[in-house]
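Morning, everyone. Please have the model open while I talk.

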Amino acid sequence: MAAASPSVFLLMVNGQVESAQFPEYDDLYCKYCFVYGQDWAPTAGLEEGISQIASKSQDARRALVWNFPMDITFKSTNPYGWPQIVLSVYGPDVFGNDVVRGYGAVHVPFSPGRHKRTIPMFVPESTSKLQKFTSWFMGRRPEYTDPKVVAQGEGREVTRVCSQGFVTLLFNVVTKDMRKLGYDTGPADTQGVLGPSPPQGIPR
């Protein structure tokens with residue numbers, strides 16, 4: 001008897017929020033959450049997390065190293081609404097208040113394998129110098145009430161932002177049954193954890 005064809009595919013993601021470069025700031029921590037479409041549902045793992053506070057390394061890189069793990073599995077019937085990870089970085093200001101130091105978002109890589117992504121971060125800016133001074137003095141910097149808005153396009157064009165810093169992520173991506181449903185994600189669909197990607201220029 002022939003096996004029934006699958007009705008959903010699986011996307012398994014693990015990895016870590018590795019490190020960050022924020023030249024002007026120190027003692028930062030990171031929050032992450034996943035944003036995905038209506039046809040997607042998490043089946044295992046955590047949708048959000050918050051890291052420890054990291055201080056800059058003493059070497060020339062001056063990197064903030066978190067190595068904060070993430071692990072989640074999704075199921076879906078179509079790729080629309082492919083998951084994104086949204087990052088928010090926080091740290092103390094001169095008065096000791098926790099303020100946002102950066103927002104950023106990136107799609108989970110589409111093809112199976114090991115991937116590294118460096119995300120440019122940004123923060124909303126006050127619309128006037130008076131508001132900027134008041135928010136600095138009161139310790140209430142402009143920030144999004146819901147960080148997930150970073151992964152959406154609506155209303156972003158009217159927001160003034162300032163770029164500052166980068167966050168590096170490592171992804172291990174595994175898909176299951178996508179080819180059986182007619183989706184081609186590049187290299188052969190796999191059910192196992194893949195090792196590091198081969199060096200550039202070397203034939204597979």
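First, the ground rules. This is a predicted model, where local features need pLDDT of at least 70, side-chain atom pairs count only at pLDDT 80 or more, and totals for chains, interfaces and linings use all residues. Residues are numbered from 1 along each chain as its sequence is written, and side-chain values use heavy atoms, with hydrogens and water left out.

Now the cores. A nonpolar core here is a set of buried Ala, Val, Leu, Ile, Met, Phe, Trp, Tyr and Cys residues joined through side-chain atoms within 4.5 Å. Buried means under 20% relative accessible area, exposed over 50%, partly exposed in between, with a 1.4 Å probe and protein chains only. The largest core has 32 residues. Among those with the most contacts inside it are V17, F22, W66 and F171. Two or more residues each come from β1 (9-21), β2 (29-35), β5 (64-76), β6 (84-92), β8 (113-124) and β9. Strands are DSSP runs of E, at least two residues, and helices are runs of H or I, at least four, numbered from the N terminus. β5 gives the largest share, six residues. A separate core has twelve residues, including V86 and F122.

On to the rings. Rings of Phe, Tyr and Trp (its six-membered ring) pair if their centres lie within 6.5 Å; planes under 30 degrees apart are stacked, over 60 edge-to-face, the rest tilted. That rule gives eleven aromatic pairs. Take W40 and F74: edge-to-face, 6.1 Å centre to centre, 80° between the planes. W40 lies in the loop between β2 and β3 (41-45) and F74 in strand β5, so the pair ties together parts 34 residues apart in sequence. W40 is buried at 4% relative accessibility; F74 is buried at 0%.

Next, W82 and F110. Their centres are 5.2 Å apart and their planes at 50°, so this pair is tilted. W82 is buried at 6%, whereas F110 is partly exposed at 48%. Ring pairs link W40, F74, W82 and F110 into a cluster that also includes F9 and Y183.

Last, T159. Where is T159 found? In the loop between α1 (129-138) and β9 (161-176). T159 is partly exposed, at 26%. Beyond its neighbours within four places in sequence, T159 is in contact (heavy atoms within 4.5 Å) with P124 and Y144. T159 and P124 are 35 residues apart in sequence, yet 6.8 Å apart C-alpha to C-alpha.
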